Amino acid sequence: MKGQWGLSVVLVVGVLLSLGSVTAVPPISAASAETPPPTDVSTDDIPVAAGTSSDWWATVQEALDALEYYVTWQEQTYLPDLQTAYQAPNRAHNLRTYFGAAGPIVIPRKWLEETNSPPWRLELTLTAWGRAGALEAVAPAMLEATENRIEYRRGEVVEWYQNEEDGLRQGFALASRPAGEGLVQLDLVLGGNLSPQLAESGSTVEFRGQDGVPVLRLSGSWAVDAEGHHSPVQFSLDGATLSLVVDDADAVYPVSVVPVLASLPPDSDWQFYFAWANTMFGRSVATAGDVNADGYSDVIIGLPFYDGGQTDEGRVFVFYGSAAGLEISAAWQKEADQAGATFGWSVATAGDVDGDGDTEVIVGAPDWDDGETDEGGAWVYYGSPGGLNTGPGEYYQGSQDGAALGVSVAAAGDVNGDGYGDVIVGASLRSNSLTEEEEGFALVYFGSEAGLSNGFNWRAEGEQEGASLGRSVATAGDVNGDGFADVIVGADRYDDGTEDEGKAFVWYGSEDGLNGGVTGTPANADWSAQPNDFAARFGTSVSTAGDVNGDGCADVIVGGPYYGSDGGVARLYLGSSTGLDTAYANQDTGGQAGAEFGYSVATAGDVNGDGYADVIVGSPMWTNGENDEGRALVWLGSANGIHPTRDWVVEGDSVGAWYGFSVATAGDVNGDGYSDIIVGAPHRDTESGATFAYYGGPDSLEETASWTKVSNLEDALFGWSVSSAGDVDADGYADVVVGAPYWDGGQADEGQAWVYMGSGAGLESAPDWHKQSNQAGAYFGYSVGRAGDVNGDGWDDVIVGAPGYENVAGEASEGMAWVYPGSDAGLESAPLWYKDSDQAGAQFGYSVATAGDVNGDGYGDVIVGVPGYTSPEAGEGGAWVYEGSADGPHVVPDWHFTSNQAGAQLGAAVGTAGDINADGYSDVIVGAPMWDHGQTNEGGAWVFLGSRDGLEADYTWRQDSDHGNANYGASVGTAGDVNGDGRADIIVGAPLWNGGLDTEGAAFVYHSSGDSLYLTSAWSKRSNQAAAHFGCSVGTAGDVNGDGYADIIVGASRWDGAEPNEGGAWVYHGSTTGVHSAPDWHTVGGQAYAQFGTSVAGAGDVNGDGYADVVISAPRYDAAFSQEGQVSLFYGNGGKGSPLGLAQLTSGGSHVAHLGMLDTDHFWLEMWLRSPFGRGGVAYEIEAKPLGVLFDGSDTWIPGGSGYFAPMPGTGTVMLSPELQVGTVYHWRLRRLYDPATTPWMPASHWMTIPWNGWNEADLRTDAARVSLPVVMFDYD
C-alpha cells in the first residue's frame, strides 16, 4: 500500500531493508503475536449482500494485509536484554522493530545465520534537543500505540513511528521554537553493532555491518516549517552521538525535520530515497558524463515537482562517481526558483561541448515562464576539474506560449565533425503556424571552443498538427559510419495512416551539420519508423543503442508504451554503411496489458565488457505482486545483435513505484571499465521517489558450452588429454590441442591428436591439424600440451606424448614425445623434435608440458614426465627438461630429476609452475602420486626454480599429503598469480584423498612466499562426495573474467550429479586475497559414466575478446558411439565477446609469443580499433612495467598525447619512447579512452591484455640497448 507521509510537522525516517531469501528462522519460545499473512481464498461461492461493491474481497484483503503491520505488544522478544516490548514486523522489508522505553531497536525480521542472535541491530535513542551548546535532556517518554503507529510523547517533542509496507517511518514534531539563539540541534545516541560513517558533505550517514558492507543509510534530510519552507539539515557524528542540526532563523513553527533511513538492498549497488512526498525524484535520470574529469562517470537526477520555496519549481542533483561507486550524497544541486517550472523534467549529459576534456550537463524545464507562459527552458552547466559550475553557461527558452521547450534534452554527439559535442532539445508543443499547432520542434545547438552557440543551428519540425515532434530526442550515434553523429527524434502523436500511432525520425550528420544544414521535416528525414497501431505513442522514448553487433555502426531503439494489447513495445533498428535498416531487428513487448513497456529506452553501455553495446527498457506500470511497481529489463549485445531473451530483469517491489519510468546508462561510476545503469522510480513512497544504480562487471564462464566435439569412433576416449596449443599461427587467437590415445586409425590404440584453431568467431569446428602414431599400442595423445615458442620464430609449438610407443625393438613402452612447430599456416605436419627414453617400460611422454622459459633466453622449453623410469629404483620415475633454441629443443636433456624411491611414479604429472619468485625465469613442478613419506602412496610434489643457467638441481619446495593413498601430485601445474602479488602460485591435485569420504579427492593452492612457496596451502577444497576423484585434473584457467587475477580449474571425473560418474568441473576466481572459497562456476557431464572433467585446462583466449576460455573433456561420453569421447569449450565472460585483435610484435612486425624475446629495436602492440558505441574518437592508454612492479595506473603512455583521439575506423602507427630497461621482463596492459565530445557515455574501457595469466605476470622480455613502445591500430572494415 502507499505510504502516507502525514502532515507538515514530522521528521520522517523511512527504513527500507531487504535481506534477500531466508532459509533459517531463529527459534522463539512463545508464539509470535505477528499476524500471519492471509491465505488465498476463492470468492466464487461466497454470498454477498445486495449493493456490495464487486471489489469487496480486494478491500478485505487489503485490510488483512494492513493488519500485519500493526504495532503489537510482545511478552517475549528475540533480544535477551529486552524481555517485553511493543514490536512491529515488516515483511516487505524484512524488518522487526522493538519499541523500548528509551527508543526503537531495529533488527532483521528473519536472517540466514543458524543462531538465535540477529546479525545486526541499530538503536536510536533521542537524548537531548534545543540550541547547539545549550541542549536540554528530553523528558522520559510515554508510549501510545494505535494500529501501525506508536508515539513517544516527550513534552515539547513528540517522536513517532509508523510501520508501512514502504518501510518504518519516524517523525519528530517540534511544537515551538526553543529558547535562545543559534542552530537547533537534536542528539541521538546510536547503539547496536552497526558502524556509522558520515559523508564529507554532512548530509548522509551510512551504517555498515561488521563485514564493512553498508546495511542502512540516513539521508535526504530537510527541515520544513509550518508554511512549507525547506531548510537543509546537517548531520554530525561524535563517537556514538549523531546530531541533526537545523537553521531555524526564518522558520515558522511548528517545524519538521525530514531525513530518510533507507536500506541498501542486495539487488542494487547504490540507491537514494528522497525524503519528501510528491517531488518525483528520479522522474529523469542520466549519466552526467565525467563533469570533473576525475576518470569516474557522474549521474544527474531530476525531481521536477520539488518545492524549495516555490511550488513544483523542480530541482536536479548530481552525484559524483568514485572508486567505490556513486557517492552517498549529492555533490551539486540546482533548483528553478519559479513556481510550476518543473525544472529537471529532463536531464542529460551534454558531452564535451567546449573541448576541455570534461563534460557538461543539460537540464530541461518545459513549464518555465520567461515572457511566455509555459514556453519552457533548457540550461547547460559546464564541467571543470572542480566540478560543475554553479551558474549556467547557456540558457535557451521556448519563446512561445506552451512550447514546452526542454521536455526532452540530450547530447547530440558531434554532428558536424568539428570535434566538439553538440546538444539537442525538444519543444514538443511548439507551433510554426496556426494550422500546425503543437507540431513540435527539435533544436540542435553546436559546440565550439567557446562553448555552445547562443541560438540553435538546426531545427526539425513536425509539420502536422498535434504531432508532438521532440517528445523525445537523442543522439543516434553514427548509424551509417561516415564519421558524423546523427540524431533521432520522437513524435509520439504523429499520424501516418493511424491516429496517434507515433513515429521516430533520424537525420544524418555531415560537415554542414544535420540534413546538410537544411531544416528537418518528416518528408526529408533520412530514416523513419512507425508501428501502424492506434494510439501506440511510438517515439515516446528514443535512444542510441550503441553498437550492439560490433559492426562499427551505431544502432537505435524506439519505445511505444501503448502499443497493442500486450502492454507496449520496444524495437531495435540496426545501422549499416547505408544507414539504418527500415525493418526492426528485434522487438519485445510488455507481456501485460497496461505495463507501458518502452516508456523509457536507452543504451546500457557495455555492462559486461564484451565489446558489444547493451540496451535497457523500462516498463513502469508492470504489476507482479505490487500494482504498478514497474520493472526494468536489459538485453546484452553480441555479434548477432542483442540476445533474443532478456538477460536481466528487476522489479520495483513497491506499490505504485513506477520503477523503470526512467532508465539510462550511468556511465562508469566506479572506474572499473564496465558500464553501469541507473533506474528511476519516481512514484515510490508517495511520489517522493527513489533512484537505483546497478554496477556492471564481467561474468565467469558461459553456462553451456558453445563448442563441443566428438570423435565418431568407438572407444577412442577422445579428450583423454586437452590443452591450449598456444597461438600456433600467430593470428592473435589461441588454439586448442586434443588427444585420443585409444584412437584406431589403422592400428589398435595407436592414438591421435588434433589441433583446432581459434578465430574471431571462436574455435573452428573442423581440426586444422591432426597426427597419429601409426603404431599399435603407442597411445599417441595420452598427453598433449603447449610447448611455447621453442625456436623463437614467433609461433607457438605443441608437444604430444605417446607413453606406449616403442622406438627401438625390445624397448616396449619406452615412450616418446614429439614437438610440432607452428607457422603462419598453422602447425607443421613434420615434427621439429622428438625424443624417447631408451628404456623399456619407462613411459616417456606419459605427461608433457611447456616448462616456460627456465633460463630466460626467450625460447620456450619443454618438460617430459617418465613415471615408469628405473634408475636404479624400479618405477621411481623421472622428469626431463629440454631447453629451446633457434633450432628447437636440445637433443640432450638440460635437466632431469628422479625420485630415488621405488614405485613413486615421479613424472606422472609435470608442468610449468610459472615464475613463483618473479625473477624473470620460469620454474617447474613435478608430481609423484605414489610417493611414500610416512604414508603409503600419499604422493608428493616438487618445485624447481629457473635461473640464467637453467633449472636448479635442488628443489626449492616439496610437499606431500600426509594422507595414505591420496595420490597427491597426480595432477600439478601453475595456478597463475591468483592474488595479484606479481608472483605465480601453484595448484596440486590429490584425486584419491580421503577427508572423511573415501577417494573424494582434493585440490590445494600454495602461494608464493617471495623467494619460494609456503608449505601450508592458502586454499584447499575437497568434494564431500565419496569416489568423486576431485582433483584428478587441475590447472590455471587463465583470467576468465578479466579482473587481472588468474583463476583455477579443477576436474572430478567420477562426480555424481544427476547421473552416476558423469563428472564435473569447477572454476574458482582469483582475488586480492587469493582463490575464492566457493566456486564461481560449475558444470557437469550430463551423461552417466561420461567422466567429464578427466582433463581440464585453460584454453587461452580462442576468440580474442580479452577473456580466457577453458576446455574440458569427457572421454567416456557416448554420442553415436560408445565411449567415443567429447570435448567442450566454454568461453570466458559468459560467452563470445567482440574480438580485439590484440598481439605483441617485434620492430619488424613479427609476432612475439608469450614469454618471447624482443629484437633490438622496439615492441609494438596491435589491436583492432573499435568501440561498443560505434564510431567516435578513441585513444589508447598503455601501462608497461618490469616484472615485480605491480600495475597501479601510473606512468602510462597515450599515443599522440593526452587529449588526442583518433577517429574510428582508421589505421595508424604511433611511436612512443619510454625508457624500458635492457634485458628486462615486462608485463603490459592497455585500455581504450573515449572522446567525451563524441562518446560521453564513459571515460574508458576496462584494462585488457592477452589473458594467458594474471596481469602482473610476465608477457615478454627485452634484449636491446634501447627499446621503444608503439601501438598499431587497425581498421576492422
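Residues are classed as buried under 20% relative accessible area, as exposed over 50%, and as partly exposed in between. In this predicted model, D749 has a relative accessible area of 24% and is therefore partly exposed. D749 is located in the loop between β48 (735–740) and β49 (752–756). Although D749 is not a glycine, its phi is positive, at about 55°. The C-alpha atom of D749 is 9.4 Å from that of S773, and 24 residues separate the two in sequence.

S773 itself belongs to the loop between β50 (769–772) and β51 (783–788). With a relative accessibility of 11%, S773 is counted as buried. When residues up to four places away in sequence are left out, S773 touches E750, G751, A778, F780 and Y805.

A positive phi of about 55° is also found at N937, again a residue that is not a glycine. N937 lies in the loop between β60 (923–928) and β61 (940–944). The relative accessible area of N937 is 18%, and N937 is therefore buried.

Cis peptide bonds were assigned at two proline positions, described here in turn. The bond joining Y253 and P254 is cis, with omega about 5°, and P254 is placed in the loop between β16 (241–246) and β17 (255–263). The bond joining S871 and P872 is likewise cis, with omega about -5°. P872 is part of the loop between β56 (861–866) and β57 (878–882).

Two further loop residues were examined for burial and contacts. V548, in the loop between β35 and β36 (555–560), has 0% relative accessibility and counts as buried. Apart from residues up to four places away in sequence, V548 touches D555, L572, L574, Y612, A613, V615, G637, S638, G641 and I642. For one of these, V615, the C-alpha separation from V548 is 8.1 Å, at a distance of 67 residues along the chain. T999 occupies the loop between β64 (985–990) and β65 (1002–1006). T999 is buried, its relative accessible area being 16%.

Strand β67 (residues 1030–1038) has nine of its nine residues buried, so β67 is largely enclosed by the rest of the structure. β67 runs antiparallel to strand β68 (residues 1047–1052), and six bridges join the two. Within this pairing, G1038 has D1047 of β68 as its bridge partner. Strand β39 is mostly covered, with six of its six residues buried. β39 and strand β40 (residues 614–619) are antiparallel and are joined by five bridges; S600 is bridged to G618 in β40.

An open sheet of four strands has the order β75-β80-β79-β77, with mixed pairing. The edges are formed by β75 (1156–1157) and β77 (1178–1186); each has a single partner strand, so one side of each is left without a neighbour in the sheet. Inside this order, strand β79 (residues 1225–1234) pairs with strand β80 (residues 1260–1261) in the antiparallel sense over two bridges. Y1226 is opposite L1260 in β80.

In soluble globular proteins, nonpolar side chains tend to be buried together. The largest nonpolar core of the model contains 38 residues, and F99, F207 and L244 touch the most other members. Another core, of 23 residues, lies apart from it and includes V1178, Y1180, W1241 and L1260.

The largest cavity holds about 680 Å³ of space. Its lining consists of 36 residues, with V285, V347, V409, V601 and V663 lying nearest its centre. At least two lining residues of the largest cavity come from each of β19 (284–289), β23 (346–351), β27 (405–413), β31 (469–477), β35 (541–546), β39 (600–605) and β43 (662–667). By class, this lining comprises 19 nonpolar, 15 polar and two charged residues.

The second largest cavity holds about 280 Å³ of space. It is lined by 25 residues, of which D727, G732, L1142, I1250 and W1252 are the closest to its centre. The lining of the second largest cavity has 12 nonpolar, nine polar and four charged residues.

How values were computed
Residues are numbered from 1 along each chain as its sequence is written. This is a predicted model: local features need pLDDT of at least 70, side-chain atom pairs count only at pLDDT 80 or more; totals for chains, interfaces and linings use all residues. Side-chain values use heavy atoms; hydrogens and water are left out. On a 1 Å grid over the protein atoms alone, a cavity is a set of points where a 1.4 Å probe fits but cannot get out, and a pocket is an open set with protein on both sides within 12 Å along at least five of seven lines; lining residues have an atom within 4 Å of a point. Grid points are joined across faces, edges and corners, and a volume is the space filled by probe spheres set on the points. Ala, Val, Leu, Ile, Met, Phe, Trp, Tyr, Cys and Pro count as nonpolar, Asp, Glu, Lys and Arg as charged, and the others, Gly among them, as polar. A nonpolar core is a set of buried Ala, Val, Leu, Ile, Met, Phe, Trp, Tyr and Cys residues joined through side-chain atoms within 4.5 Å. Buried means under 20% relative accessible area, exposed over 50%, partly exposed in between (1.4 Å probe, protein chains only). Two strands pair if DSSP finds at least two bridges between them. Contact means heavy atoms within 4.5 Å.
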